[in-house]
Amino acid sequence: MTLRSAGALFLIALVFGVAIDWSHCKVVQFIFGDSLSDVGNNQYLSKSLAKANLPWYGIDFGSGVPNGRFCNGRTVADIIGDTMGLPRPPALLDPSLNEDTILENGVNFASGGGGILNETATYFIQRFSLYRQIELFIGTQELIREKLGAKAADKFFQESLYVVALGSNDFINNFLMPVSGDSWTYSDDSFVTYLVQTLQAQITLLHSLGARQLLVFGLGPMGCIPLQRVLSTNGECRDRANKLALSFNQVASQMVDDLTSSLPNASFRFGDAYNVVDDLIKNPSKYGFTNSDSPCCSFGRIRPALTCIPASRLCKDRSKYVFWDEYHPSDSANQLIANEMIRKMGFSRPNLSPAPSMAPAPES
Ligand SMILES: *[C@@H]1O[C@H](CO)[C@@H](O)[C@H](O)[C@H]1NC(C)=O
Ligand SMILES: *[C@@H]1O[C@H](CO)[C@@H](O)[C@H](O)[C@H]1NC(C)=O
């Protein structure tokens, strides 16, 4: 076992308060999410309309070639995993994925446009909703069971770390769209209840599949993403969307706590960075940012530009923009969000190995 993986195991033990079995060294992550966590799945969905496969996506990541992340650099899950010394799980549809790479690195099932609800964002044509991602995870489990045998496979899946990070699309690309069926069926409160009940069933299903250590990411002030500001009449944040995010965070956080006490051996945590991002948007200079209301990558004055494309123009200093495109935070904002989640989860950075950084960290 390397010093680094020993550090990671120790941290996980610290965070989740679990007893570590030192005979099994490798802890990996299984990540379920949307475009905020996608590391390439949608690139391989030939019919998907939500893809990050053109410049300038990925410009601050590695060699700068688009890699499927809907960002100029790293996702929040990248940064949190790096901090814990965990390998970055490859996309499920990555052609190099096989049993050995799964055992070494885990799998990322996240898909741009994906929601908690099956009916979310159907107009992207192809995307993995959370239920679909869990079905795909069951397929992954079958592969590993064949390779290791049932007993070792169960142990592997119980020791792994799970991340579940969805919800924005269920609002932005479903409930808050006047054409969506759900906007006719539910009130704000009953929609949040429906969403969190669905998420509860999904997390319970993951527990029945072996998940014991699981992090649920909450939502940020989604009424302040550039796309939502453009849709509001005065360019301000949309208050209703922000209230929905706060309400989701409150109800989902309680649900996660309840599951932790009711499901055997469950160590489930909920974390959001709503307040810090809200403050960052209101006071960007306090955090070393200069812009918090428009996308760094934009197509002249045409707004909203639904995606960043090669003909788009980039802002001068990408590290000083909160938003990379109409929907997604920049690498430097993601660093701030990850720092906040790490702080809330109550662990500090290991001093064994500094987390790799692809872009300048914001001053904070
Ligand atoms: C959601 O989709 C999954 C398949 O991905 C299906 O098994 C499930 O029954 C669907 N749930 C609802 C409520 O439609
Ligand atoms: C809970 O943990 C104990 C001790 O490791 C184990 O014996 C038991 O089988 C576990 N139960 C479940 C449902 O995972």
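Residues are numbered from 1 along each chain as its sequence is written, and chains are lettered from A and ligands numbered from 1 in the order in which they are written. Because the model is predicted, local features need pLDDT of at least 70 and side-chain atom pairs count only at pLDDT 80 or more, whereas totals for chains, interfaces and linings use all residues.

Helices (H or I, at least four residues) and strands (E, at least two) are DSSP runs numbered from the N terminus. An open sheet is formed by 5 strands in the order β2-β1-β3-β4-β5, with parallel pairing, where two strands pair if DSSP finds at least two bridges between them. At the edges lie β2 (106–108) and β5 (267–271), each of which pairs on one side only. On average, and with direction ignored, neighbouring strands of this sheet are turned by 15° against each other. Within the sheet, strand β1 (residues 29–33) runs parallel to strand β3 (residues 161–165) and is joined to it by 5 bridges, and Ile 31 stands opposite Val 163 in β3.

Two packed helices are described by the angle between their axes and the distance between the axes. Here, axes are lines fitted to C-alpha atoms, for helices over the stretch in contact, and angles run from 0 to 180 degrees between N-to-C directions. The axes of helix α2 (residues 76–83) and helix α12 (residues 331–345) come within 8 Å and cross at roughly 50°. That angle makes α2 oblique to α12, given that angles under 35 degrees count as roughly parallel, over 145 as roughly antiparallel, 65 to 115 as roughly perpendicular and the rest as oblique. The crossing of α2 with α12 is right-handed, a term used if the near helix is turned clockwise from the far one by less than a right angle, anticlockwise being left-handed. Val 76, Ile 79, Ile 80 and Thr 83 of α2 make the contact with Asn 334, Gln 335, Ile 337, Ala 338, Met 341 and Ile 342 of α12, contact requiring that C-beta atoms, placed from the backbone, lie within 7 Å. The residues of this contact of α2 with α12 comprise 7 nonpolar, 3 polar and no charged; Ala, Val, Leu, Ile, Met, Phe, Trp, Tyr, Cys and Pro count as nonpolar, Asp, Glu, Lys and Arg as charged, and the others, Gly among them, as polar.

Helix α8 (residues 188–208) packs against helix α10 (residues 239–262) at an angle of about 35°, with the axes 10 Å apart, and this crossing of α8 and α10 is also right-handed. Residues that meet here include Val 192, Leu 195 and Leu 199 in α8 and Phe 248, Val 251 and Met 255 in α10. The contact of α8 with α10 divides into 11 nonpolar, 4 polar and 1 charged residues. The axes of α4 and α8 come within 11 Å and cross at roughly 5°, and α4 and α8 are therefore roughly parallel to each other. In this contact, Leu 130, Tyr 131 and Ile 134 in α4 meet Gln 202, Leu 205 and Leu 206 in α8, a set of 5 nonpolar, 1 polar and no charged residues.

Ligand 1 is surrounded by Asn 118, Tyr 131, Arg 132 and Glu 135, where a residue is near a molecule if its C-beta atom, placed from the backbone, lies within 6 Å of it. The shell around ligand 1 holds 1 nonpolar, 1 polar and 2 charged residues.

Most residues other than glycine have a negative phi, and most peptide bonds are trans. A cis peptide bond, with omega about 15°, joins Pro 55 and Trp 56, and Trp 56 is found in the loop between β1 and α2. Ala 121, although not a glycine, has a positive phi of about 55° and is placed in the loop between β2 and α4 (130–148).

Technical notes: Two residues are in contact if their C-beta atoms, placed from the backbone, lie within 7 Å.
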